[in-house]
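Have the structure open while you read, as the points go from whole chains down to single residues.

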Amino acid sequence: MTTTPSTLPDGSPRTHYLNAAYGLKSWLLTRDHKRIALLYLVSVSIFFALGGLMAVLIRMELVTPEGDLFQPDIYNRLFTMHGVLMIFFFLIPGIPAVLGNFLIPLMIGAKDLAFPRINLLSWYLYSIGALLAFWALLHGGVDTGWTFYTPLSTNYVNTSVLTVGVGIFIAGFSSILTGLNFIVTIHRMRAPGMTWFRLPLFVWGHYATSLIQVLGTPVIAITILLIAAERVFHVGVFDPKLGGDPVLFQHLFWFYSHPAVYIMILPAMGVVSELVATFARKPIFGYKFVAFASIGIAVLGFFVWGHHMFVAGQSIYAGVVFSVLSMLVAIPSAIKVFNWTATLYKGSISWDTPMLYALGFIGLFTIGGLTGVMLATLGIDAHVHDTYFIIAHFHYIMVGGAIMGYLGGLHFWWPKITGRMYPVFWSKLSAIVVFVGFNVTFFPQFILGYLGMPRRYHSYPPEFQVLNVMSSAGATVLGLGYLMPLVYFIWSLRYGPKAPANPWGATGLEWQTTSPPPVLNFETPPIVTAPPYTYPERTPSPKVNRV
Amino acid sequence: MSEGHGERPGLAHHFDSYEQQKDTATLGMWTFLVTEILFFGGLFAAYGVYRTSFPAAFRAGSHELDIALGCFNTVVLIASSLTMALAVRGGQTDKGKLAAALLVLTMVLGTVFLVVKGFEYHHKFVEHHVPGPAFHFEGPEANHVQMFFVLYFALTGLHALHMIIGILLVGYVAKRAWSGAYTPRNYNFLEGTGLYWHFVDLVWIFLFPLLYLIGRH
């Protein structure tokens, strides 16, 4: 089927996946994992922007102690929609559906994912779910918090719980299908010689993520159906009037929604492993430990959900068990951080943009993780539960961790995805601005929470104003940092210098094919003969072809 | 898969061999069924919690169900799994017409199950045992009995939905089998449909005792 493409004067082929076909139909009906990844990139970026807009409005309200910008019920809708959009429509699909989709077949030497049509279907499901949520947003939104706790969500509120619920339900199947596709692809589509322990750690991270997507998401799906049944048929599974138990809802909800945090962070960890190895010019220290740490986090992640319910009426014995199990997650997480650090030791480190994001990730993830251990202890959690300490903790993981990883990955593979380089100065500046802006936004929230400022209120006592103004100012800087990549990435599509096949001098099959890759990924099917990250001793990365 | 290796019919462009394609399809279906187990699992968990909390009410609710119809439906579904297994075997041995006939038989048995289920639902409706504002139950713990019926309708309703999807799927596969689409090299879709059908059958094997046989020793 493949015709030998003619080549350009510099030796790169004239036909690649971007110019192989033109027109809307060639995108909307494509089965090419690379094009579907780009469809996802555009969609999740839109929902990131919408979720970010909600955050801007929240931070504007919180500049002053009085609730003077929004009524309380509008503020409830703002933080709910911020959470729903960011979690279900940006963070969960984010790295897997964009970078994972594009890179997993390339990294394992396959022509495509195992089920190309299901891959396209998953994008359509995501889009339908996201549009439903958007439609609900325009029709008043939801005000229950993204957690939809019963009986508030079933018996009391009159907002678009049902529409958003159905949107999340549909998008959930998109997530399940992505995970299923990845699991089967990694099992069945590896190139000759690509053994399990030659897989890049990015692939291991996504394998672990996919396990959670396949095992966890159906539980939130059935839980949403039960909420819908309560609202539509006026029957009560979680209704105390029928002897139903609202805490059971919390159990079912967190059985998915806690592991969902690992859906966000595990792919980012996979990205960081690639970046650290590439820009330290060394194999990852303790490769197998890092690989199994991903699986360990995915498995342990299913046994810690009760730490969201320490003060929700769960028995003290359950609390103790969940507390201990939650602390165990720190072990594989710490293995990763230590091993990245050990990889950096005596490496020839170069400070390219992706590396700046990766180092930012390691620092911020460490803070987020350590505060997580604090929160796993029953006494501290009872003190800071439902305060800004919690907000700060999970934003260090989700924003400082997952989004830093996502941006680092985008900067690393952008030349491969688009065939173009972006400006070095501006991109390095963006990494620094994001890092600084992030810390100024969220570090004060640790202090606010510890001093007792509760979450989910639009007004607060005047003594908290200084820290809140700091946080809002930081959010402005952070927002600027996110806008910069948007501008120069789009700029690079037209004006960026052409990227060579391997601008970073990285190992990995994806760098052996051309940039952008041909439709079937490789001109000749690759055969793998060596473990990953075989960098020669002490050779700095090439300084060619950079802007 | 429409596009493919010109010289190897039925092999999708991104696979190297028929074996790889078959292994991939099978693993994909099994992974999907794992998802399905967790999907039903949430409801089973709720069932476990509430049955432990209200054992007497669940026994009373269970005794309202028609055990004869439940038994009959169980036999019907097991029979449909047999015809399904034989149909897959037919596809594997290049007997497309036989496979199609067996698949139609499977659809008939599935429909019989749904019709019987429909009569049971109707009966519950007449007796005001459908949960909601109109629910009525003579006896103690009426609210908790209602919880039993919430779970009864949720579990059997979800199962019935899977049956309907299964019957449509089997119909499509029967049409394809009749036109000779399945060969010993590639009957993957037929086999996947078979796995799905057996799974739905197996869910019923769990539902029947959990719902109909509480306290009947």
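1. A word on what we're looking at. This is a predicted model, in which local features need pLDDT of at least 70 and side-chain atom pairs count only at pLDDT 80 or more, while totals for chains, interfaces and linings use all residues. Residues are numbered from 1 along each chain as its sequence is written, and chains are lettered from A and ligands numbered from 1 in the order in which they are written.

2. Chain A has 16 helices and zero strands; helices here are DSSP runs of H or I of at least four residues, strands are runs of E of at least two, and both are numbered from the N terminus. Its radius of gyration is 23 Å, close to the 24 Å that the globule rule gives for 547 residues, so chain A is as compact as a globular protein of that length. (The radius is taken over C-alpha atoms, and the rule is 2.2 Å times the number of residues to the power 0.38.) Along the principal axes, the C-alpha atoms of chain A fill a box of roughly 70 × 45 × 45 Å.

3. Chain B is helical too, with six helices and zero strands, and its C-alpha box is roughly 70 × 35 × 30 Å along the principal axes. For contacts, the rule is C-beta atoms, placed from the backbone, within 7 Å. Among contacts between residues at least 6 apart in sequence, 75% in chain B join residues at least 24 apart; the corresponding figure in chain A is 85%.

4. Now the interface. Chain A puts 32 residues into the contact and chain B puts in 32 residues. On the chain A side, α6 (161–188), α7 (201–233) and α8 (246–280) each supply at least two residues, and α7(A) gives the most, with nine. That side divides into 22 nonpolar, five polar and five charged residues. The classes are Ala, Val, Leu, Ile, Met, Phe, Trp, Tyr, Cys and Pro as nonpolar, Asp, Glu, Lys and Arg as charged, and the others, Gly among them, as polar.

5. Take a look at L252(A), in helix α8 of chain A.

6. The largest nonpolar core has 218 residues, and L103(B) and L151(B) touch the most other members. α8(A) gives the most to this core, with 23 residues. A core here means a set of buried Ala, Val, Leu, Ile, Met, Phe, Trp, Tyr and Cys residues joined through C-beta atoms within 7 Å. Beyond four places in sequence, L151(B) touches L43(B), A46(B), Y47(B) and Y50(B).

7. α14 (residues 388–418) of chain A kinks by about 45 degrees at F412(A), shortly before the proline P415(A). Since 28 of its 31 residues are buried, α14(A) is largely enclosed by the rest of the structure. In chain B, α1(B) has a kink of about 30 degrees centred on G41(B).

8. The peptide bond from T150(A) to P151(A) is cis, with omega near 0 degrees, and P151(A) sits in the loop between α4 and α5. S515(A) and P516(A) are also joined by a cis bond, with omega about -10 degrees. D386(A) is not a glycine but has a positive phi of about 60 degrees; it is partly exposed, with 13 other C-beta atoms within 10 Å. R456(A) has a phi near 70 degrees and counts as exposed, with 12 C-beta neighbours inside 10 Å.

Conventions. Two residues are in contact if their C-beta atoms, placed from the backbone, lie within 7 Å. The bend at a residue is the angle between axes fitted to the seven residues ending there and the seven starting there. A residue is buried if 20 or more other C-beta atoms lie within 10 Å of its own, exposed if 12 or fewer, and partly exposed in between; C-beta atoms are placed from the backbone.
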